[in-house]
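Hi,

Here is the structure I promised to pass on. Have a look at it first, and my notes on what turned up follow below.

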Amino acid sequence: MKQLALFALIAAPACASDRISTIYYSPDHVTTIAGHRGIQTMIEFNADEHIENVALGDSAAWQITPNKRADLIFLKPLMKKARTNMTVVTDKRRYLFDLYNGGPNGRVIYTVRFIYPEAFKALPEPVAAPAPHPPPLPVLNDRWAVKGDARVSPARIYDDGTSTFIAWSDTTELPAVLTVGTDGSEGPVNFTVKGDYLVIDGVAPSYVLRIGKASAVVTNLAPRAPKPVAAPETVK
């Protein structure tokens, strides 16, 4: 697409002021210049090149004068019917021109300039921002011991450090889940049901599972991370 867009720019003159014509350079593009008797037209070439040769189909019909630095050409028609072609070869490029006398009512051009493809170097392709790293997967702990009545014992139990997940093979009746305090007292837990799992908010050292007189105890066997110890206050 970039090459097609650049070709479209090269194929036609660019818009310019009334007396100046700016052309997108291509070695295969023929630049047409309508001259006028008594009016001089200047052709500007790039500052990095110098004219080596100028060839005219009819050298008697046009006056062609390069400047001393060989980067400009001044031209004007000498005859009423002055249609010819001109080739300019520089030390870096070649140019093709079609010259004719535009007559008294044609557009008068004082300067012809070129814009070169180097000015349209392709912009670097946008670099896609790296995809954000997905959050690390939680480390699942399935080191739980089950002891008690098989009728309430879970088929699977694990935790991710934040919640405890318990599933039973027979889910027709879910047991009550209770925490066990340090004094042996039992208390309720906050939980939700997600699919086949009962999801408990938090991870306790152990839980009691109970349906009627049937009960089981599940105990977390994974080592617990030490709690941070607050730094002692500085005595002033």
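Strands E15 (residues 191-194) and E16 are antiparallel partners, joined by 4 bridges. Strands here are DSSP E runs of at least two residues and helices are H or I runs of at least four, both numbered from the N terminus; two strands pair if DSSP finds at least two bridges between them. Within this pair, Thr 192 has Val 199 in E16 as its bridge partner, and Lys 194 sits opposite Tyr 197. The hairpin that E15 and E16 make has 2 residues between the strands, and Gly 195 takes a positive phi there, near 65 degrees.

Before I go on: this is a predicted model, where local features need pLDDT of at least 70, side-chain atom pairs count only at pLDDT 80 or more, and totals for chains, interfaces and linings use all residues. Residues are numbered from 1 along each chain as its sequence is written, and side-chain values use heavy atoms, with hydrogens and water left out.

E16 also runs antiparallel to strand E12 (residues 163-167), and 5 bridges join E12 to E16 (residues 197-201). Tyr 197 turns up again here, standing opposite Ala 167. Put together, you get an open sheet of 4 strands in the order E11-E12-E16-E15, with antiparallel pairing. Its edges are E11 (156-159) and E15, each of which pairs on one side only. Neighbouring strands in this sheet are turned by 20 degrees against each other on average, direction ignored (axes are lines fitted to C-alpha atoms, for helices over the stretch in contact, and angles run from 0 to 180 degrees between N-to-C directions).

There is another open sheet of 4 strands, E2-E8-E7-E4, and its pairing is mixed. The edge strands are E2 (30-35) and E4 (51-56), each pairing on one side only. The twist there averages 25 degrees from one strand to the next. E4 pairs with E7 (residues 84-90) in the antiparallel sense over 5 bridges, with Val 54 bridged to Val 88 in E7.

As for the whole protein chain, I get 1 helix and 18 strands. Of its 236 residues, 33% are buried (under 20% relative accessible area, with exposed over 50% and partly exposed in between, 1.4 Å probe, protein chains only). Among contacts (heavy atoms within 4.5 Å) between residues at least 6 apart in sequence, 60% join residues at least 24 apart. The accessible surface comes to about 15,900 Å², and 57% of that belongs to carbon and sulfur atoms (Shrake-Rupley method, 1.4 Å probe; for residues, only the protein chains shown count as cover).

Cheers
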